[in-house]
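The sequence and structure come first.

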Amino acid sequence: MEQNKSSQSFAKVSLKILKYVILAAIAIACATSSYHFGKQIFSDAGVEKAPGTDMPYTVSEGTSIDELGNELEELGVINSANVFKVQSYIYKVRSVKPGTYQFNTSYGAEEIFRIISQGPEEVKAEETTEEAE
């Protein structure tokens, strides 16, 4: 009888230890994942080293920053559309003007959002022509 009680106590202690080990493993996995996500958000490294590859991309009317992020990820201009979406809040860019943009796979987030903020080549050319008149 006493052996049965000690076996039950051992089993209870073992289950508690197992729960704590699993919780610790989950906490470590979440912390590691969060660290890497944060590192990507604040990194300004491009997908490739300079000179990279030029990638023209035409944005249609009504394209959201989220859709642009998905497309740029598919083209290989950025590593992660999710990181791009968060970075759009940091760089305060929440809309995209329609037109053709020239991106490069060596551009970091700051450069990509600078290009988006300035607008496509056609819009810049029109603005320059209007200023000259």
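The lining of the largest pocket is made up of ten nonpolar, seven polar and one charged residues. Here Ala, Val, Leu, Ile, Met, Phe, Trp, Tyr, Cys and Pro count as nonpolar, Asp, Glu, Lys and Arg as charged, and the others, Gly among them, as polar. The model is predicted: local features need pLDDT of at least 70 and side-chain atom pairs pLDDT 80 or more, while totals for chains, interfaces and linings use all residues. Residues are numbered from 1 along each chain as its sequence is written, and side-chain values use heavy atoms, without hydrogens and water.

The largest pocket holds about 250 Å³ of space. Of its 18 lining residues, Gln-40, Ala-45, Asn-79, Val-83 and Gln-87 lie nearest the centre. A pocket is an open set of points on a 1 Å grid over the protein atoms alone where a 1.4 Å probe fits, with protein on both sides within 12 Å along at least five of seven lines; lining residues have an atom within 4 Å of a point. Points are joined across faces, edges and corners, and the volume is the space filled by probe spheres set on them. Helices α3 (81-90) and α4 (109-118) each give at least two residues to this lining. Helices (H or I, at least four residues) and strands (E, at least two) are DSSP runs numbered from the N terminus.

| Pair | Angle between axes | Axis distance |
|---|---|---|
| α3 and α4 | roughly 65° | within 11 Å |
| α2 (65-75) and α3 | about 140° | 8 Å |

Axes are lines fitted to C-alpha atoms, for helices over the stretch in contact, and angles run from 0 to 180 degrees between N-to-C directions. Angles under 35 degrees count as roughly parallel, over 145 as roughly antiparallel, 65 to 115 as roughly perpendicular and the rest as oblique. Helices α3 and α4 are therefore roughly perpendicular to each other. Their contact (heavy atoms within 4.5 Å) joins Phe-84, Gln-87 and Ser-88 of α3 with Ala-109, Ile-112, Phe-113 and Ile-116 of α4. Five of these residues are nonpolar, two polar and none charged.

By the angle, α2 and α3 are therefore oblique. Their contact includes Ile-65, Leu-68 and Leu-72 of α2 and Ala-81 and Phe-84 of α3. By class, its residues are five nonpolar, three polar and three charged.

Two loops hold backbone details. The Ala-50 to Pro-51 peptide bond is cis, with omega near 15°, and Pro-51 sits in the loop between α1 (2-42) and β1 (54-59). Lys-92, not a glycine, has a positive phi of about 55°; its loop runs between α3 and β2 (99-104).
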